[in-house]
Amino acid sequence: MKYPFLDLRAVNEPFFAELKEAACRVVESGRYIGGAEVESFEEALAGASGVPFAVGVSNGLDALRMIFRAYIALGRLKQGDAVIVPANTYIASVLAITDAGLEPVFVDADADTLNMDTRLLDEAYTPKVKAVLTVHLYGRPCYDERLREFVERHGLILVEDNAQAIGATAGDGRPAGSLGDAAALSFYPTKNIGALGDAGAVLTADDELARTVRAIANYGSDRRYHNIYEGFNCRMDPLQAAFLNVKLKRLGKECERRRQLAAAYDALISHPCVRKPRVDRPDNSVWHQYAVLVPERDAFRAYLAENGVGTDVNYPVPPHKQPCYARFSGLVLPVAEEISDMVVCLPVSACTSVDDAKAISEIVNKWEYEY
Ligand SMILES: *Cc1c(COP(=O)(O)O)cnc(C)c1O
């Protein structure tokens, strides 16, 4: 591939010296659970996100799971409560809801933003709904006045799945991860800030929630050998925290680079059958993915591959159509289902240059599609 979709070795290569130094620091520290690396990462992450508390955890799914488990432990949610979630999302968003014994209520997507269509919130509401899990898919915050007003009117808890949008800002200028009551982040290696393994974090301004998440992720103990919850072991590994202390410093530049690539695609792709995502303000999305919609996706991807362009599909099957969720398979969520049939992600990783994006756009424009 001349234009690989993603090459994680190449993405991390500029950091190799610092990452090796960070690994050595941990090896020689004698501290292999918790400690200074995790604490300094939590502090840096909270600062970068404009949120008072950050709790490092094992991965993004666990970050979401710990948030819902903590709300249940605190009596602010109870099993059987319903949680609104976008139909177009990664399955982890939904797994966290059902893991906690909560009931997902799927809201269909908006074909312009590919995020949850907030115009559909009112018809999704029932008195069982106690929370909204908004997902900032592909790096674009899913947060607007309609969502804010809906949550306020019904007194709902607002949780953000911010696995894909670290560094993005909502329309009101606030950072993704600071918009609701709690946010989950993932540092899975392919994310905009990726660890060299699994890692995640919970962000919140609620100190009681932060303490509860920390306790539940540490066997449910608030102090050593004193267990107030039936907890889990979902802590952030200090080795990953040390790597992330290196990578987080690049956040501003990483967002900037992705915005330049998206701007190039937006300016140059002009194929009538390739539907581009709407660009709002330039600082809105951090473009975890540049996702376009095309008819005959397989032919489009094969054509791009022949021309050296790697692509990916996020995601080919929506959660409500997955075998594990057969109980939701009768739901009809037409826009999300159409997106899953048509979506293709173009390269936006650190191994893609603006010149590459220009060349890729030209290749896209030359696709001979019979219509
Ligand atoms: C990656 C991702 C997760 C899960 O994070 P992991 O660290 O892989 O467990 C959850 N939600 C979304 C939207 C994601 O992209």
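Select the ligand and the residues of its shell, which divide into 7 nonpolar, 4 polar and 2 charged. In this count Ala, Val, Leu, Ile, Met, Phe, Trp, Tyr, Cys and Pro are nonpolar, Asp, Glu, Lys and Arg are charged, and the others, Gly among them, are polar. The model is a predicted one, in which local features need pLDDT of at least 70 and side-chain atom pairs count only at pLDDT 80 or more, while totals for chains, interfaces and linings use all residues. Residues are numbered from 1 along each chain as its sequence is written, and side-chain values use heavy atoms, with hydrogens and water left out.

Of the 13 residues around the ligand (a heavy atom within 4 Å), those that come nearest are Gly60, Asp161, Gln164, Ser186 and Lys191. Next, display polar contacts, that is, pairs of N or O atoms within 3.5 Å; within protein, one atom must be able to donate a hydrogen and the other to accept it, and residues adjacent in sequence count only if both atoms are side-chain atoms. A polar backbone atom of Gly60 lies 2.7 Å from an oxygen atom of the ligand. In the side chain of Gln164, an N or O atom is 2.7 Å from a ligand oxygen, and for the side chain of Ser186 the corresponding distance is 2.6 Å. The protein covers 91% of the 380 Å² of accessible area that the ligand has on its own (Shrake-Rupley method, 1.4 Å probe; for residues, only the protein chains shown count as cover).

Now select Phe68, Tyr71 and Leu133, the residues with the most contacts inside the largest nonpolar core, which has 37 residues. Such a core is a set of buried Ala, Val, Leu, Ile, Met, Phe, Trp, Tyr and Cys residues joined through side-chain atoms within 4.5 Å. Buried means under 20% relative accessible area, exposed over 50%, and partly exposed in between (1.4 Å probe, protein chains only). Elements that each supply at least two core residues include β1 (53-57), α4 (60-73) and β4 (129-135). The largest share, 7 residues, comes from α4. Helices (H or I, at least four residues) and strands (E, at least two) are DSSP runs, numbered from the N terminus.

Select α5 (91-99), where 7 of the 9 residues are buried. These buried residues pack against α4, β2, β3 (103-107), β4 and β5. Which residues does Val94 touch? Not counting residues up to four places away in sequence, its contacts (heavy atoms within 4.5 Å) are Val85, Thr89, Pro104, Phe106, Pro319 and Tyr325. Because its relative accessibility is 0%, Val94 counts as buried. Just after α5, Gly101 has a positive phi of about 80°.

Move to helix α9 (residues 238-247), of which 9 of 10 residues are buried. Its cover includes α1 (8-12), α2 (16-29), α3 (36-49) and α10 (251-268). At the N-terminal end, Asp237 caps α9 through a side-chain oxygen 2.9 Å from the backbone nitrogen of Leu239.

Asn314 and Tyr315 are joined by a cis peptide bond, with omega about 5°. Tyr219 has a positive phi near 65° and is partly exposed, at 42% relative accessible area. Tyr225 has a positive phi near 55° and counts as exposed, at 69% relative accessibility.
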